[in-house]
Amino acid sequence: MTRGVHDVGGLPDDQVDLSEHNYAPWEKRIDALLVLLAGKKQIMRVDELRRGIESLDIDAYNELSYYERWIASISKILVEKKLITSTELEDRMAKIATRKTLL
Amino acid sequence: MPHDHPHGPTIDAKRLAHYQCMAVAVQELLTEKGILTDKQIEATIKEMEARGPALGARMVARAWIDSNYKRRLLLDGSAAAEELGIPVDGTRLIVVENNETMHNLIVCTLCSCYPRNILGLPPDWYKKTAYRSRAVKEPRAILAEFGTFLPDSVTVRVHDSTADMRYLVLPTRPSGTEGWTEQRLIELVSRDSMIGVRTAKQAES
Amino acid sequence: MTTAFKLGDFVVVSNRDVRGHMRTPSYIRQKTGVIERLCGSFRNPETLAYGGNGLPKQPLYRVRFLQSHVWPDYKGTLTDTVDIEIYEHWLTPAS
């Protein structure tokens, strides 16, 4: 049976780490992006977000934080839908990386 | 050898910057293409920040003091939320009731489905694999890790939110709260009690 | 809405080995449960996830399973259960 990286029900795992963090502004921003794109804008479905996350390789799935997985998936889906191109995304990211602050 | 940190691996600043840059880039590109505006993003963040466990606590406390409301809540959670002025935006909410013989526990093994319109964004542990993997197979061990110990006379019912429903636990009303006002009862309703990992806070004697 | 199953029916979860996006966890495949409630009909996530329209809608059920049946080494009571939402095309009647 094919079992995706996300399909973890019943697998042995560690004790639950009860620590919590307050969501950072960049995490809220990614959350809002998805809420807008999947809600009001009807540009992508939450199902597509999930599929994008599930298609991460197992190391990326386990190493990336929650919203890192989200933005990796959102950008992949937007490229698929030809709303952005991977070249313009890479170019813009390179420009942003040289700025003193992110926004 | 990366530096060990007592709370887990250190954040790789470079990697963090990579995904933060990606988020900013996506937002800028979508804005320039007229697909969305910064104002809409800000408004959406504000809307989400307004959601939180206080909303669910109002529903629970109301159900504790009003048996007719409780009946409606268990029949149609979404309608009962809207009745209190809590917009659910199309979420189909199923409310499950704890009592002396039944304890309900909510998990999403495949991702992190959560009644975010009622409880806000989920806690970190709800989204991580330790909880998602184990809650469905060893719920009593998970409950014990949250300090919730149940005798065998209580049945544990796990709900795996795999599709279009979202779940909220109606915790058992603590003893010694007879005659309490709704406002006072609300204080006893924690987020975790509505996920089912803990019971409601006990009344201080 | 016509549905293949009704409240109280015993059903078996398919073991179809399909790739792609689906909302039926692997741990519940081939297990037998009972229909706990009908949730309505929803667009199919298996095509929605690839940009499709998810039509025709699929009836969605909540199916209740005994934990001791799902996990042979389950540590809990015989009455403990797990409830899962499953789309109709994953279910067949239990014989």
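**Close-ups of a predicted three-chain model**

**View 1. C:Val11 has C:Gly33 in E2(C) as its bridge partner.** Strand E1 (residues 10-13) of chain C runs antiparallel to strand E2 (residues 32-42) of chain C, and 3 bridges hold the pairing. Strands here (E, at least two residues) and helices (H or I, at least four) are DSSP runs, numbered from the N terminus. Two strands count as paired if DSSP finds at least two bridges between them. This is a predicted model: local features need pLDDT of at least 70 and side-chain atom pairs count only at pLDDT 80 or more, while totals for chains, interfaces and linings use all residues. For bookkeeping, residues are numbered from 1 along each chain as its sequence is written, chains are lettered from A and ligands numbered from 1 in the order in which they are written, and side-chain values use heavy atoms, leaving out hydrogens and water.

**View 2. Moving on through chain C, E2(C) and E3(C) are antiparallel, with 7 bridges between them.** One pair to look for is C:Leu38 with its bridge partner C:Tyr61 in E3(C). Strand E3 (residues 58-66) of chain C is also antiparallel to E4(C), again through 7 bridges. There, C:Phe65 sits opposite C:Val82 of E4(C).

**View 3. A sheet crosses from chain B into chain C, where E3(B) and strand E4 (residues 81-87) of chain C run parallel over 4 bridges.** C:Val82 of E4(C) turns up here too, as the bridge partner of B:Val158. The open sheet has 7 strands with mixed pairing, ordered E2(B)-E3(B)-E4(C)-E3(C)-E2(C)-E1(C)-E5(C). Its edges are strand E2 (102-107) of chain B and strand E5 (91-93) of chain C, each pairing on one side only. On average, neighbouring strands are turned by 35° against each other, direction ignored (axes are lines fitted to C-alpha atoms, for helices over the stretch in contact, with angles from 0 to 180 degrees between N-to-C directions).

View 4. The B-C interface has 2 salt bridges (a side-chain nitrogen of Lys or Arg within 4 Å of a carboxyl oxygen of Asp or Glu). B:Arg140 makes a salt bridge to C:Asp80, with the closest N and O atoms 2.9 Å apart.

View 5. The A-B interface carries 8 salt bridges. B:Arg116 forms a salt bridge with A:Asp31, the closest N and O atoms being 2.5 Å apart.

**View 6. The peptide bond from C:Leu55 to C:Pro56 is cis, with omega near 0°.** C:Pro56 lies in the loop between helix H1 (45-48) and E3 of chain C.
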